[in-house]
Every structure is written in structure tokens, then in C-alpha cells.
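Welcome! Please take a look at the model below, and then we will walk through some of its features together.

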Amino acid sequence: MATASETGIITAHREGATKWWTRFLDPSERTLAALLLAPTALLLSLIIVYPVCRLVWTSFQNLSLTSGLPAEFAGLENYRLMIDDPVFWETTWNTVLITLITVPGALLVGLGLALMANMPFRLKWPVRLSLLIPWALPLSFAGLIFAWFFHSEYGVVNDVLRRVGIEGIIWFNSANWAFAAICLTIIWKTSSFMALIILAGLQTIPRSLYEAAEVDGAGRFRQFFEITLPLLKPAIVVALIFRTITALQTFDIPFTMTRGGPGTSTATLAMYIHQNTVDFLDLGYGSALAVVMFLLSMCVTFVYLRMIRAKG
Amino acid sequence: MTVTKTVTWLLAGAALTLSASAAMAQQTNLRVFVSSQHRPDVWRKAFDMYEAQNPNVKVTIETGGNTSEAQAQYLNTIMTAKDSSLDVMILDVIRPAQYAAAGWTVPFNEVIQGDAQAYMKRYLPAYAEANTVDGKVVALPAFADAMFLYYRKDLLEKHGIQPPQTWEELTAASKKIMEAEKDPNLQGLSFQGKAIEGAVCTFLLPYWSMGKQLVSDGKLSFDKDAAVKSLTLWKDFVDQGVAKKNIAEVATDDTRKEFQAGNVVFAVNWSYAWGQFQGPESAVKDKVGVVKLPAVKGGEPASCLGGWEWGVSAYSTNKTEAQKFVQYLSSPETSEFMAVNAALLPAFPEKYTDPDVTKAVPWFAEAKPVVETAKARPVTPRYNEVSEIIRTTVNAVLAGTTTPEQGATQMESRLRRVLR
């Protein structure tokens, strides 16, 4: 038999449950909730759920516009083709590599920029405005601008190198240098976004903490590692989630800078999807590739969400 | 009285509006896509002449992208969206078959009076073939083309060198001239190493010259040894300093510009370049010679068949007018006009020896056998994939990221996936 206290807990629990259920079952409130949610649900299913389902369905089909044949169900054929497609593996690896290099890179640069922008300047707005400019620039513009910067004959980078006595590099003629140029461009382009989020985080840290630390005799480095960094963690995680997902979808900058060259050494998965669908008109295979990229993004998001929950 | 008057005026007004809109309905607007590298300025003049003969037709020109693939990407987007904004489009010779398979173009069979096959006989056989799919005329030729070897007549004469017959002779001639001229900006040879459509021809020129075919009877007939030799030939030009180090960045029009600036001894390019070499902005005016491309040692000279075709969009709302307009564009008269004014090779065999044409472009008389023997790139609906495999491999080998052997192996295994 249950003891009195146990019964008490159960009753309390049941009361809570009843309350929750009644709230849910109350017809007027339920209708209202449904009505309020309906537009969003409808919009989301129209622009997200339907296209994703359609994409998955297309990925199971043999559908190539150049074949002149109608679509036919092919099961997992498109996925099987992927396994021994060297370009699929190369572009996926390039995408992962770009993510592994540019996400930490942009975080470090962004953190530095945010710390500088948070310093007690007299005129804060010019600093913050210049911080915004790379973020406001369209990706393809950034790619085209930097393609000229890195041009072997007319580019400013090689010009500077020559002036200091270093033989210019033919950036886009070598897989490694082309990759480096792309990563530098992506870091330049995305670190301002990181900086903006981190700057917002910095401003929520109360000054009193630093004052107290100073009284206790903590130096600047100690203050940074004991106060700033721990309190910035939530902002950093949010920034990392956004940045990682966009890094996995990298398209514009390599597309405008190298078109994936030399060979396919700087092509990303997103570019390969675009090539299969837009250039080759092989919608079945392109969709299967897109499903893989979708799953990859989902996995990363899931990992980050777990991290946040663990922290919370 | 006043009421009657008002009504009369209203009726008169309505009648006027109606007749005006009837006149508007007769006016046809045709939107035409022209490749930017093929003298849209001169095509505009040909369009103006049509407008003068057909006052009810207004032609708008649209142009964009500077390479064949960039243009195909744009047109593919328009066509997959079933966009009706374009009526007529110019297509690279490799595309009419693909566009017909996708159902993006309207056949001309109904507007051609009589037997379509007989009608197509007026063109060079290669173009009659490229534009006919299963008995359907899917596009009409805009102009013919092939790759030629341009050379600096003045420099060759100065150093007592004859135009080369083989690629080895070309290497020797380049080295001799470059050493004697001592100009650090002078390149021996310029060709297309960027991963563009032109790089497919770059690969095929020596490959064909060795007597090998890429596709026979719809099946892949890849000869790996010939492929390695072809890739090695081009890479050697870079390694020996005959071609510039960043040749992997060079597209068709870059070759044209560098030759035109006087920085190149030999250049592999299409016929359109001639017009610009002789233009007012050229540093090499009257110093240019054109011959057929060299062969590999012991092989036959080979050229790549080019040329562009006019197709009418299946989504056009003015198909009949558009087809009539294309018939004008693909007529012997327009062909002659474009040959004289833009150095675009005619698709009509008799125009090569036409006195007006040979007066404007003297070398066209010798160009005819080159065009007639030029080889066509493989015809397959999956051509875009074949092209991508070849051009990225050529690009990777020239950039030095892959060796010719590795490149040929990758090319073969990837081609096998596409052409099973």
C-alpha cells in the first residue's frame, strides 16, 4: 500500500496532469490555438514540408530531362550510384574540409573583431558599420571581388607579394592555393556575422563582474578566460550553429571564384548538386545528392542541439 | 441632344481603341538570345534588315554569359521554368539534339515547304546532320565553325619559318622565335585550358589526329594510350615554357584577346577571332595568318567542328513568326552578310568561294576543306556530362594537380559511368 506522502505526490501529480489536459481539451482554447497555428503550419508545409517530401520522392526516381523518357521509380539506384562516384566523395570531402577550416577560423576572427568593437571607443558607429559591411555584401559579389584580388596577373594580392620581393602565386592553378584563397574569402565574409552575435553577447555581461575581478586582483587574461569566455558560450554556440549549417551549404564563393577548379579540386557538394540538376538535368541523381546534404545538415544541427541541452 | 452626342463620342472612342488594339495584336515582338562572343552588334544589323522588310515584327536582342556553358546554364534555367519570354535562341552545335530530347524546341518540318531532308541538303552535311533528329529538323544553322591555327605572319617571315604541319614543329618554331625576340610577354602558343567547352576540343584535337574515336556506334571507344599522349602533349607545352604557366585559366576569348594584343605567336581558335584581329583595336592587324591545325607526328590533321544553330523555344507564344524569322536568319543571304561583316563561316558550301566573301575574308576559300573534314564531338543526350568529365580533366592536368596518366584513368572510369 502506498504511504500517505506517496499518495499525496500521486494526487498532486494527477491534479497537475488534469489541469494540463483540461487546458488542452478546453474546446474554445483548442480552437483558438489551432487557428493561431494554422497559418504558420500551412506556410511551413507549403514551403518546407512539401518540397522536402517531393525531393525525397524524386530521389527514388530515374528522372533526367535529357533522356526524353518519363520518370520511373528506381528505388535506391541513385543512392547506389553515389557510392562509386569519385566526384561525390571529393565534393563531400571538400565541403567538410571547408567547414572544418572556415567555421573555427571565422569564430576566432569574429571573436577578435567583437572584442575590439566592444572597447570603449569615442565613436562607436564607424567601427560597427565597417563590421557590418562584409556581412551585408552578397556572397557572389564577395566571390567575384576576391577572384580579382587573387588573379595571378592583375590581382592586388600578387602585386603586394611582388612588392615585398616574393614571386607571385598562380592561386587558381593549384588545388591547395585555390582552396586557401577560397577559405580566406569565406572567413573574411562570415566572421562579421560571428562578430555581430558575439558582440551582442558581450554586451549582456555586467561590468560589475569585471570590477569585482579587478578588486580580487585578476589580470586581463584571467578576466577573459574566467568571465568573458564562459558567459559568451551561449552566444558562441548559436553563432556556430548558424555558421556550420551555411558552411555545409557553401556554393556562391567557390562557384564565382574557381567554378570548382582546377579540375574538381575546389568543388563543393552544393555545387555538384547544382551541376547535376541545372547543367546535366539529371533531377533524380541531383535530388539524391540533395537528400544526403539535407541529412548531413540535420546531423550537425542535432549534435549542436544536444550540446545546448547538455549545457542548459 | 447632348446625350446622343456623348454616346456618339463614346462609341467613336471605343472603336478607336479597338482598332488600335487590333493593330497592336498584329505587331509581333520576338526576343532573341544571341551569344555575346559572336558579334551581337553585327547580328543586330541583320535583325534590323528583317524589321525593315517586316514592319509588323519587332526583334529584341538578349545576350549574356561569355562561354558556351554559361549560356547553356542560363537557357537551361529558362527552359526548365517553361518561361515564354524567349522566342529564338542560338545554340552551340552540340545542343540541338539535347534540346530536342528535352522537348524544348519546335521542329521546323511544318514550315519547311516540301521535303525536309531535301531542304537540309543546301547546308554542309555536318550541319544538316547536327540539326536533324529522327527526321525532324530541330534547329537551323546560324553559322559554321571549326578550329584553326592563327599565327603571326610577320614573326614567322622575320625568322624564316614556315607554318608548322605538326605539333613538334610548332614547339620548335615557338622556341626559336621566343628566344630570338627576348620579349618576356611573348607566348609561343595559346589554347583553351580553362574548364570550358573549348577544353573538350583541346583534348580531342591530338586524340583524333591519332585516328582514335571517343564514341563509336553510341558506345564508348576510349583509347587510353591516345588520351595519355594527348594530355601529355598539352602539358609539355606548359612545362617547356611554350604556353604560359596559368594556361589552366585561359578561356577561348582570352586566347583571342592575348593574340590580338600581340602577345602570342600561335593560337588555337575559332573563325570569329579573325574579324577582331583585323578590327581597329587590334595590334596585329594585317600580321595574321590562318592555316589548318597541326597533326601529331605521323597522324592526320584534325579540327573540332563548331558552329551555332537557331532554335525556336517550345514555350514561345509566337512560334510561327519566330520560325519565319529563323528561316531568314539561316538563309544564304544572311549567311553571306555575316561572313562579310563578322567573319562567321557560312553553313552553305557555295558561299566559301563567293567573290564578295573572299574579298572580305580571303582565307575562307581554304577554310572550306577544314570545315568539311572537322570532326563532331560525340552526339549523346548526356553530352553535358561527357563534356564536364573531359574539360575538368584537361584543366586539372594543365594545372598540374593530376598527371596525364591519372587523368586518363579517371576520365575513362567516369566516362564509363555515363556512356554505359
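Helices (H or I, at least four residues) and strands (E, at least two) are DSSP runs, numbered from the N terminus. This is a predicted model, in which local features need pLDDT of at least 70 and side-chain atom pairs count only at pLDDT 80 or more, while totals for chains, interfaces and linings use all residues. Residues are numbered from 1 along each chain as its sequence is written, chains are lettered from A and ligands numbered from 1 in the order in which they are written, and side-chain values use heavy atoms, with hydrogens and water left out.

**Salt bridges**

A salt bridge is a side-chain nitrogen of Lys or Arg within 4 Å of a carboxyl oxygen of Asp or Glu. Over all chains, the whole structure holds 27 salt bridges.

| Glu62(B) | Arg31(B) | 2.7 Å |

Where do Asp48(B) and Arg44(B) lie? Both are in helix 2 (residues 40-53) of chain B, four residues apart, which is about one turn of the helix.

To describe cover, we call a residue buried under 20% relative accessible area, exposed over 50%, and partly exposed in between (1.4 Å probe, protein chains only). Asp48(B) is partly exposed because its relative accessibility is 36%, and Arg44(B) is partly exposed at 23%. Glu62(B) counts as buried at 12%, whereas Arg31(B) counts as partly exposed at 30%. Lys158(B) is exposed, with a relative accessible area of 57%, and Glu181(B) is partly exposed at 24%. Salt bridges that share partners also join Asp84(A), Asp85(A) and Arg417(B) into one network.

**A sheet of four strands**

Two strands pair if DSSP finds at least two bridges between them. Strands of a sheet pair through backbone hydrogen bonds, either parallel or antiparallel. In chain B, four strands make an open sheet in the order 8-11-7-12, with mixed pairing. Its edge strands, each pairing on one side only, are strand 8 (187-190) and strand 12 (288-291) of chain B.

Strand 7 (residues 148-152) and strand 11 (residues 264-269) of chain B are antiparallel partners over four bridges. Across this pair, Tyr150(B) stands opposite Ala267(B), and Leu149(B) stands opposite Val268(B). Strand 8 of chain B runs parallel to strand 11 of chain B, and three bridges join them; here Gln187(B) has Val264(B) as its bridge partner.

Is strand 11 of chain B buried or exposed? Six of its six residues are buried, so strand 11 of chain B is largely enclosed by the rest of the structure.

**A sheet of five strands**

Another open sheet of chain B has five strands in the order 2-1-3-13-6, and its pairing is mixed. Strand 2 (57-64) and strand 6 (140-146) of chain B are the edge strands, each pairing on one side only. Within this sheet, strand 1 (residues 28-35) and strand 3 (residues 88-92) of chain B pair in the parallel sense over two bridges, and Val32(B) stands opposite Val88(B) in strand 3 of chain B.

**One residue of chain A**

Finally, look at Leu46(A), which lies in helix 2 (residues 27-59) of chain A. Leu46(A) is exposed, with a relative accessible area of 60%.
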